[in-house]
Amino acid sequence: MSLPEQVPLSASAGRFIVRVARADDAAAFHALVIEADGALERHAESPEASRATLERVERSLAGKASDAERGYLLLLEDCASGEVVGCVQLVCSIGLDQPFYDYRLGKIVHSSSRLKSYRCHEVLYLCNDLTGCSELHSLYVRRDARGLGGAALLTKAAQLFIAGRLAEFAPRTIIEMHGVRDPDDTSPFWEAVGRHFFKVDQRGAERLVAQGRKAFIAELMPKHPVYLSLLPESAQSTVGGIHPDIAGLAPLLEQDGFHFENHVDIFDAGMVLEAHTRTLNGVANSREFLAGAGEPADGAQRWWVAAGEGEGFCMTAAPGSLAADRLILSPDILSRLGASTGASVRALGTA
Amino acid sequence: MLTIRPAQHSDLDALAETAARAGAPDVSLPNDPRLLGRLIAQSEDAFAADIDFPGEEQYLLVATDDGALVGAMLVVAAAGYPGADYSFRNETIIHASPELGVNHRMYALTLSHDLSGFTLLRPPLVAGDGRRVRVERALVQAALAFIATQPARFAEDLIAPLPGMVDDDGESPFWSAVGSRFFGVSYREAERLALGKDRSFMAELMPHHPIYVPLLPVGAQNVLGQTRAGYMPTYGLLIDEGFEAERYVDVFDGGPTFCVKRGLARSIRVAQKLPLAVDGSIGRSEPECLLANGEASRFRAVLAPALRRPDGRLATTADAASRLELIDDDEVCCVPA
C-alpha cells in the first residue's frame with residue numbers, strides 16, 4: 001500500500017466513483033502502474049502484465065477462474081475527466097499457487113531463578129499462516145488525486161464489493177502495509193536480514209516480486225526463527241512499523257475492523273493488518289435498499305453506496321434520505337452508479 | 001630436566017602465584033587459591049582412584065624444572081559431567097533457488113550438547129615467556145601420553161577450547177552481540193558461573209533456535225572462532241597435534257573449540273611403548289623426546305634425550321629413568337619429537 005491519505009471522507013469524495021476494471025482498462029491501468037513508479041510493486045511495468053491482470057479479473061467475473069487466481073481489480077475514476085486515478089486489488093484466496101510467506105512475531109521467555117534473570121525475547125517465525133486468506137493489495141491513488149478521500153472510497157468500495165460476493169471470500173481478509181524506509185528508500189529491516197540471504201538489493205528483490213516470484217525469494221529467507229534482540233536497533237524498531245506516508249491509512253482500516261495480529265512482511269517487516277471478513281464494517285453494517293430518485297433533504301446523511309453486480313459494480317459516496325425501505329439518491333448519483341429507480345443498492349452510512 | 005607429574009598440595013602456593021600472574025581470564029586455572037586448593041585435592045583423588053570410565057575427574061598436571069614449577073595443565077575427564085557441556089555448533093545451510101540462479105552458504109550457530117562427556121584439555125598455563133612453547137608442548141604431549149596409557153579414564157574424543165577475542169577494554173564483541181542479550185549478567189560473571197558445577201542456567205537462558213551468523217554485527221562475526229594473540233602458540237600446537245576447530249565455538253566469547261578423535265591426536269598416534277634401557281652414552285646430541293611411565297598416581301613424564309636402539313629398546317639417561325621412577329626393561333611410553 002502506498003499513498004498518503006489523511007482525509008477519511010470529504011464531500012470531494014463525491015467527485016469519484018469506484019468501479020470494476022474491464023478489459024478495455026488495460027491501457028489506463030498500465031499508465032497507473034508506470035506512474036506509481038514501483039509503488040504498485042506486485043505489478044510488472046509492462047502492457048502485457050496489465051492485460052494479464054485484467055484477463056484474470058474477466059475470468060473471475062465470468063466464474064471461470066480457479067480458486068488460486070480468483071480476484072478483482074477496482075478502479076478509482078475521476079467523474080469529471082473520466083480518468084483512472086487509483087486502484088485496489090482483491091484476491092479471494094492467497095497462497096494457493098505460490099506459497100504466501102510472512103513472519104509471525106512471537107515471544108520466547110528465558111528465565112533463571114538462580115540468576116534472577118527474566119528475559120522475554122521477540123522472535124520472528126517464517127510461516128504460511130495466512131494461506132487461504134483474502135487479501136486487499138495494490139491500494140494506490142495517483143499523486144495528483146490525493147487528499148480528496150480517494151483511498152477511503154477505495155477501501156470502502158472493496159468492503160461493499162466483498163459484501164456482495166461474500167461466498168467467494170475467505171473468513172479472514174488481510175492487507176499488508178508498507179514498512180518503514182530510510183530517506184534513501186532502503187528498508188533497515190531488509191538491510192539487516194533479507195540482504196544477507198539474497199545478495200541482491202531491495203530494488204532487485206522488488207523486481208522479482210513484480211515478476212510474481214515472491215515465493216522464490218521467500219524460499220531463500222531464513223527458515224529458523226530470528227531473534228529480534230540480535231538484530232541492529234535500527235532494524236528492530238521497524239518491525240511491525242508503517243511507512244510514514246501511509247500512517248493515516250492504518251486508523252482508517254482499524255475503524256473498519258482491521259487489526260495487527262503479529263504478522264509482518266518478510267521484506268520490510270511492515271505491519272500486516274487482518275480482519276474477520278464478516279465483521280468488516282462495510283460487510284457487517286451495510287444494508288441493501290431499493291434506490292429511489294429524488295433530492296435528498298438538506299443535511300441528509302452521507303452514504304457509501306454501491307450498485308450493480310459483478311462487472312456492473314459501481315460505488316461512490318453521496319447524501320441520501322431514507323424513505324420507507326428506499327434510499328433516495330439524486331438522479332445524478334443514480335446515473336453515475338448506472339442504477340435506476342427500484343434498483344437494489346448496498347449502502348453503508350458514514351459515521 | 002623438564003618433568004611433569006600430578007599436582008600435589010605443596011604446589012598450591014606456586015600454582016596460585018602462576019595463575020595470579022596470568023590474571024584474567026580463568027581459562028586455564030582458577031585465579032583463586034581456595035578454588036585451586038580444592039582442584040588439587042580433586043586431582044589427587046582422581047589420580048589415586050581406580051577408574052573404569054570417565055566421570056567427574058579432573059587431572060591437574062604440573063611441569064617443574066630444577067624443582068621450580070614452570071607450568072600446569074588441567075585435563076577434565078568428561079566435559080560437563082554430571083550435566084551437559086554447552087557449545088555453539090557452526091552449521092552450514094545452503095540457501096539455493098535454481099529459479100533465481102542463487103546458491104549460497106549460510107552459517108548458523110546452534111546451541112549443542114555435542115561435546116558433553118568428551119575429554120577436555122584446558123590450555124596449558126606457563127610461568128614466564130622464556131621457554132613457553134617448549135613447556136606448553138611438553139605439557140600437551142604429557143597429557144596425551146597419560147591419556148594413551150590410561151585409556152579407560154578418558155573419552156574417545158578430545159576437545160580443547162581456547163579463549164575468544166576481547167577488545168582493548170576486555171569486552172568480548174561476541175558476548176556483547178549474543179550472550180549479553182540472553183543473560184542479565186556481565187561477561188565475567190557468566191564465565192565464573194560457567195566454570196561452576198550447576199550449568200542449568202545455560203539451558204534456561206541461552207537461545208534454543210539457531211543464530212544466523214550474517215545477522216550478527218560484523219564485530220562479532222569477525223571474532224568467531226578466533227583466539228587471542230597470546231594463545232596463538234597454543235593454537236599452533238593444537239593444529240600440529242591434529243586438532244581441528246571448524247565446527248564448535250564457545251557460547252560466551254565465540255572462541256574456537258578444537259576437537260580430535262583420541263586415536264588421531266599426533267602424540268597418541270605416534271606414541272610407542274618400549275622397554276627402557278639406561279644408557280650412559282646418551283647425551284645432549286640425541287633428540288629430546290617426551291617419555292612417560294604408564295602410571296596413574298605415580299605418573300611421571302620427562303623431556304629427555306632418547307634413542308630407539310636397533311634391539312627395540314629405548315635408550316635414555318639414568319637421570320630421566322630415575323625421574324620416571326623406572327628401571328631397565330620397564331615399559332616406557334615414548335612420544336618422538
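1. Buried area is the accessible area, computed with a 1.4 Å probe, that two parts lose on being put together, summed over both. In this predicted model, chain A and chain B bury about 2800 Å² between them, with 64% of that area on carbon and sulfur atoms.

2. The contact (heavy atoms within 4.5 Å) draws 33 residues from chain A and 31 residues from chain B. There are zero salt bridges between the chains, a salt bridge being a side-chain nitrogen of Lys or Arg within 4 Å of a carboxyl oxygen of Asp or Glu. The elements giving two or more residues to the side of chain A that touches chain B are strand 4 (102–112), strand 5 (117–127), helix 4 (188–198), helix 6 (214–218) and strand 8 (226–227), and helix 4 of chain A provides the largest share, five residues. Helices (H or I, at least four residues) and strands (E, at least two) are DSSP runs numbered from the N terminus.

3. In helix 2 of chain A, the residues A:Ser50, A:Thr53, A:Leu54, A:Val57, A:Ser60 and A:Leu61 are buried, that is, under 20% relative accessible area (1.4 Å probe, protein chains only). They cover an arc of only 115° around the axis, which puts them on the same side of helix 2 of chain A; the arc is that of the directions from the helix axis to the C-beta atoms. Their cover includes strand 1 (16–20), helix 1 (26–36), strand 2 (71–78) and strand 3 (84–91) of chain A.

4. Residues are numbered from 1 along each chain as its sequence is written, and chains are lettered from A in the order in which they are written. Local features need pLDDT of at least 70, side-chain atom pairs count only at pLDDT 80 or more, totals for chains, interfaces and linings use all residues, and side-chain values use heavy atoms, with hydrogens and water left out.

Technical notes:
Buried means under 20% relative accessible area, exposed over 50%, partly exposed in between (1.4 Å probe, protein chains only).
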